[in-house]
Amino acid sequence: MSFKAAVLVFPGSNCDRDCKVAVERSTGGHVDMVWHQDTALPSGLDLIVVPGGFSYGDYLRCGAMASLSPVMAEVVKAAERGVNVIGICNGFQILCESGLLPGALMRNNTLKYICKPIELKVENHNTAFTQGYTSGQSVWMTQGNADGNFVADADTLNAIEGNGQVVFRYVENPNGSANDIAGLMNTRGNVLGMMPHPDRAFEAELGSDDGATLFKSLLNSALTAA
Amino acid sequence: MKAKVHVFLKPGVLDVQGKAVEGALNGLSTVQGWANVSHVRVGKVLEFDVAATTADEAKAQVKDMCDKLLANTVIESYTVEVA
């Protein structure tokens with residue numbers, strides 16, 4: 001069994017190739033790049049990555065226009081079939097805009113673009129994305145965004161917390177995110193969105209290899225399921 | 001027909017941009033400000049032409065556009081004018 005992933009490419013994506021290398025080196029798998037105008041995804045995917053960047057120049061709202069790209073209709077269908085989907089940074093924004101994840105990402109309450117290594121706590125390690133971590137483990141990844149401030153209404157937040165959908169929390173909240181949420185998944189547990197970049201923390205030379213554990217977790221999930 | 005859409009953050013959603021503008025209006029360090037300004041909200045206005053036979057038809061279409069793209073109703077509300 002060889003791990004098979006696809007990385008979406010939108011006009012303005014800038015972490016797409018980082019994601020490809022991160023997944024390839026972490027899993028030894030095969031990664032296809034899929035253009036946003038494509039109307040079909042490769043078959044037999046174990047993972048779809050919605051990468052970071054500035055899709056459509058962040059015009060209107062971050063991720064709003066990308067969420068209506070032809071390929072996103074296929075991503076929604078794949079997610080409904082149970083394929084694992086991860087959205088990182090702009091990818092998280094796109095997943096919220098597409099309705100695959102609840103809530104929205106707003107301007108950081110500092111009004112600043114935050115670009116720095118950041119400490120996270122693994123809040124839920126019983127997921128396909130995080131089974132390689134231990135409960136409450138401290139991990140380091142790099143943050144790089146101006147709109148990472150997660151918001152949702154009180155009822156939605158209660159549901160997210162009650163369902164164990166919070167996967168990563170900031171140890172020190174950098175941007176005003178509700179409940180220190182840095183990463184959250186859907187109720188089914190196969191769609192994860194996160195602002196920090198595991199794709200910028202997959203080898204020790206990058207300052208941290210904690211992100212590789214996420215991709216290795218997905219590999220192990222695929223192996224277990226096969 | 002001409003459509004005009006206003007998009008604003010919902011009441012209660014922190015508008016950090018509005019806060020920053022408010023701070024500037026209240027007075028930056030070297031500029032005499034307007035201390036009487038409060039509750040600044042920054043929104044967007046979109047104007048465009050819609051080909052439609054009636055204003056009601058155009059308005060219904062523009063509302064659909066708002067729900068699907070122009071506004072994120074999780075955090076934003078909108079108003080539509082068609083003339």
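This is a predicted model: local features need pLDDT of at least 70, side-chain atom pairs count only at pLDDT 80 or more; totals for chains, interfaces and linings use all residues.
Stop 1: Start by selecting residues 2-9 of chain B, which make up strand 1. Together the three strands form an open, antiparallel sheet in the order 2-1-3. On average, neighbouring strands here are turned by 20 degrees against each other, direction ignored.

Now look along strands 1 and 3 of chain B, whose antiparallel pairing runs over seven bridges. To pick out one of the pairs, show B:His6 and its bridge partner in strand 3, B:Thr79.

**Stop 2: the helix on the sheet.** Next, select residues 55-70 of chain B. This is helix 2, which packs on the sheet and touches strands 1, 2 and 3 of chain B. The direction of helix 2 makes about 155 degrees with that of strand 3.

**Stop 3: where the chains meet.** Bring chain A into view. Nine residues from chain B and 11 residues from chain A take part in the contact. On the chain B side, helix 1 (residues 16-27) gives the largest share, three residues. That side has seven nonpolar and two polar residues, with no charged ones.

**Stop 4: the cores.** Finish with A:Val7, A:Leu8 and A:Val49, the residues with the most contacts inside the largest nonpolar core, which has 72 residues. Helix 5 of chain A (residues 210-225) supplies the largest share of this core, six residues. Zoom in on A:Val49 and you will find A:Cys19, A:Val23 and A:Ile86 among the residues it touches. A second, separate core of nine residues includes B:Val62, B:Cys66, B:Leu70 and B:Tyr78.

Definitions and conventions: Residues are numbered from 1 along each chain as its sequence is written. Chains are lettered from A and ligands numbered from 1 in the order in which they are written. Two strands pair if DSSP finds at least two bridges between them. Helices (H or I, at least four residues) and strands (E, at least two) are DSSP runs, numbered from the N terminus. Axes are lines fitted to C-alpha atoms, for helices over the stretch in contact, and angles run from 0 to 180 degrees between N-to-C directions. Two residues are in contact if their C-beta atoms, placed from the backbone, lie within 7 Å. Ala, Val, Leu, Ile, Met, Phe, Trp, Tyr, Cys and Pro count as nonpolar, Asp, Glu, Lys and Arg as charged, and the others, Gly among them, as polar. A nonpolar core is a set of buried Ala, Val, Leu, Ile, Met, Phe, Trp, Tyr and Cys residues joined through C-beta atoms within 7 Å. A residue is buried if 20 or more other C-beta atoms lie within 10 Å of its own, exposed if 12 or fewer, and partly exposed in between; C-beta atoms are placed from the backbone. Lists of a residue's contacts leave out its neighbours within four places in sequence.
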